[in-house]
Amino acid sequence: KFRLHKIILSNVKSSDFIKSRHVFYRTSLAPGRYCLIPSSFKPGEDGQFLIRLFGDEISSLTEMTEDEPSNPGCSCIFKGFQVVTRVTVRSIDGLPLKKGIGSTDPYVIIRCEGESARSQVIENSINPEFNFAAIFYRKNPDKDIVVEVWDHNVLLDTFLG
C-alpha cells in the first residue's frame, strides 16, 4: 500500500549498471511481492523510464505512490501518526534445541499498536539469520513494540521468547 511496508533486506535480482539508453534484463522470480526501482546513471538525477514486464501470469501490479498514510481530516477526534519506526531483526543466537521429534524452525512476529509483521520461517536453525524489517506508522510512541520468537510446528506453533 505504501512505499515502505515490510522489508526483506536482500537484492533479489539486478543487472550490470551501465550507461545506456536501453537496458534489457531477463530473469525468473519466485512468486512473491517485489519492488522494481529504476535508476539513472548519475545519483540524484531525475529521469523518465519506460518499464515493460512480461510473464505467464502477471497480475495485481500496482504503482506505489504514497510515501506514508495520510492524516485524518478531523484531528480533534482521530490522531494521525506521530512517529515512523523501523524495526529490524538481523539474527538470533542460541535458541533451544527442540525436545523430541522435529527441529527448531523459528520465525519472528513484530507487534506494534495493533499491527503485526511476520518473518519467513527459517528451517532447522538454532542460530537463524532473518534480515527481516518492518515499518510501523505509530500514533502513540510510548506504547511498547513487542518482538516474539516462535517455533513453527505442523499442528501448533510454540512460543520461544
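How many bridges link strand 3 (residues 106–112) to strand 4, and in which sense do the two pair? In this predicted model, strand 3 and strand 4 run antiparallel to each other and share 4 bridges.

An open sheet is built from 4 strands, lined up in the order 4-3-6-7 with antiparallel pairing. Strand 4 (115–118) and strand 7 (158–159) sit at the edges, each of them pairing on one side only.

Moving along the sheet, strand 3 also pairs with strand 6 (residues 145–151), again in the antiparallel sense, and this time over 7 bridges. Here cysteine 112 has isoleucine 145 of strand 6 as its bridge partner. Strand 6 then meets strand 7, with 2 bridges holding to the antiparallel pattern. Across this pairing, tryptophan 150 stands opposite phenylalanine 159 of strand 7. As for how the chain gets from strand 6 to strand 7, a hairpin makes the link through 6 residues.

Away from the sheet, there is a surface feature to look at. Leu36, Phe49, Ile51 and Leu53 together make a nonpolar surface patch of about 400 Å². One of these residues, isoleucine 51, lies in the loop that runs between strand 1 (6–8) and strand 2 (83–91). Is isoleucine 51 buried, partly exposed or exposed? Its relative accessibility is 44%, so isoleucine 51 counts as partly exposed, a label that covers the range between the cut-offs of under 20% for buried and over 50% for exposed.

Terms used. Residues are numbered from 1 along each chain as its sequence is written. This is a predicted model: local features need pLDDT of at least 70, side-chain atom pairs count only at pLDDT 80 or more; totals for chains, interfaces and linings use all residues. Side-chain values use heavy atoms; hydrogens and water are left out. Patches are made of residues with over 30% relative accessible area and no salt bridge: like charges are joined within 9 Å, nonpolar side chains (Val, Leu, Ile, Met, Phe, Trp, Tyr) within 5 Å. Accessible areas come from the Shrake-Rupley method with a 1.4 Å probe; for residues, only the protein chains shown count as cover. A salt bridge is a side-chain nitrogen of Lys or Arg within 4 Å of a carboxyl oxygen of Asp or Glu. Buried means under 20% relative accessible area, exposed over 50%, partly exposed in between (1.4 Å probe, protein chains only). Two strands pair if DSSP finds at least two bridges between them.
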